[in-house]
Amino acid sequence: MDELPIQSGDDVVRVRQQVRIVAADCGLSLVDQTKLVTAASELARNTLVHGGGGRARVEVVKSGNGRSGVKIGFTDSGAGIPDLDLALTDGWSSGNGLGLGLSGARRLVDEFELASEPGAGTSVVVIKWSR
Amino acid sequence: MERVPIVKIGQTLFVSIQIDLEDDSVVRLQEDLADELTATGARGVIIDITAVEIVDSFIGRMLTMIGSISRLFDAETVIVGMRPAVAITLTELGLSLRGVRTALNAEKGLRLLNGTA
């Protein structure tokens, strides 16, 4: 298990690289690796830009039926998200982006869990299973 | 932050992205390209992303913006060399790169710009 800080644009790149290594080791196909790394990039940027920085935890997990997968948890202690449903809507953006970061990342992974409270930070956990 | 070099050949600016792009590098590339376009009067921009392993929503938006900015300087942008896994992921992410042209490789991109495709 690796825990990585997300405090700068450099760190976002390092998270992507680490996720790529773990996903390849775990036996994810090239397309699935690319999807997971792209989702990680979106979420790491959110942690940096909206959460004011935080950390990412990358680990290999096993499912009940023996498949392995890559689990990544992002946590920050930023302002939090007041309306989770709205934040997950395609095209909705709190800034000047396209509003595809969170909703797009959710489409690219197999499991997606978002928890946030205003003032108490945000945590996103995603899993991509090998096929 | 690493910078992406821009090379002018004839009437075309060539950009080959060989680094793991951080957001600042893409923003910088956008500014550098706008400067180069005004300085050189180039009519086309070819961005080779053969070595780019992922294009997320930020990078995708920046590529689209580079296309729009180039057009304001009377230049066309062609993105070339996208990897299959990147194309699949971009589509699932919901990004269409509307407004920029694409070609399989730099040679075809150049032909597209020269109107001989």
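1. Asp74(B) is exposed, having 10 other C-beta atoms within 10 Å. The burial classes are as follows: a residue is buried if 20 or more other C-beta atoms lie within 10 Å of its own, exposed if 12 or fewer, and partly exposed in between, with C-beta atoms placed from the backbone. Asp74(B) sits in the loop between helix 2 and strand 4 (76–80) of chain B. Helices (H or I, at least four residues) and strands (E, at least two) are DSSP runs, numbered from the N terminus. The phi of Asp74(B) is near 60°, a positive value in a residue other than glycine. Most residues other than glycine have a negative phi.

2. On provenance, this is a predicted model, in which local features need pLDDT of at least 70 and side-chain atom pairs count only at pLDDT 80 or more, while totals for chains, interfaces and linings use all residues. Residues are numbered from 1 along each chain as its sequence is written, and chains are lettered from A and ligands numbered from 1 in the order in which they are written.

3. Two further positive phi values are found in chain B. Leu97(B), although not a glycine, has a phi of about 50°. Leu97(B) belongs to the loop between helix 3 and strand 5 (101–103) of chain B, and counts as partly exposed because it has 18 C-beta neighbours inside 10 Å.

4. Which residues of helix 3 of chain B are buried? They are Val86(B), Thr89(B), Leu90(B) and Leu93(B). Viewed down the helix axis, the buried residues of helix 3 of chain B fall within an arc of 100°, so they line one face of the helix. The arc is taken over the directions from the helix axis to the C-beta atoms. The exposed residues Pro84(B) and Thr91(B) are on the face turned away from the buried side of helix 3 of chain B. The buried residues pack against helix 2 and helix 4 (101–108) of chain A together with helix 2 (57–72) of chain B.

5. The contact between the chains takes 23 residues from chain A and 18 residues from chain B. Two residues are in contact if their C-beta atoms, placed from the backbone, lie within 7 Å. On the side of chain B that touches chain A, helix 1 (23–40), helix 2 and helix 3 of chain B each supply at least two residues. Helix 3 of chain B gives the most to that side, with six residues. The residues of this side of chain B divide into seven nonpolar, three polar and eight charged. Here Ala, Val, Leu, Ile, Met, Phe, Trp, Tyr, Cys and Pro count as nonpolar, Asp, Glu, Lys and Arg as charged, and the others, Gly among them, as polar.

6. One helix pair spans the two chains. The axes of helix 2 (residues 30–49) of chain A and helix 3 (residues 84–93) of chain B come within 9 Å and cross at roughly 50°, which makes the two helices oblique. Axes are lines fitted to C-alpha atoms, for helices over the stretch in contact, and angles run from 0 to 180 degrees between N-to-C directions. Angles under 35 degrees count as roughly parallel, over 145 as roughly antiparallel, 65 to 115 as roughly perpendicular and the rest as oblique. Leu30(A), Val31(A), Thr34(A), Lys35(A) and Thr38(A) of helix 2 of chain A meet residues of helix 3 of chain B including Ala85(B), Ile88(B) and Glu92(B).

7. Within chain A, helix 1 (residues 9–25) and helix 2 pack at an angle of about 150°, their axes 9 Å apart. Helix 1 and helix 2 of chain A are therefore roughly antiparallel. Among the contact residues are Val12(A) and Val15(A) of helix 1 of chain A, and Leu36(A) and Val37(A) of helix 2 of chain A. The residues of this contact divide into ten nonpolar, two polar and three charged.

8. Helix 4 of chain A is largely enclosed by the rest of the structure, because six of its eight residues are buried. These are Gly101(A), Leu102(A), Ser103(A), Gly104(A), Ala105(A) and Leu108(A). The cover includes helix 2, helix 3 (84–87) and strand 5 (122–129) of chain A together with helix 2 and helix 3 of chain B.
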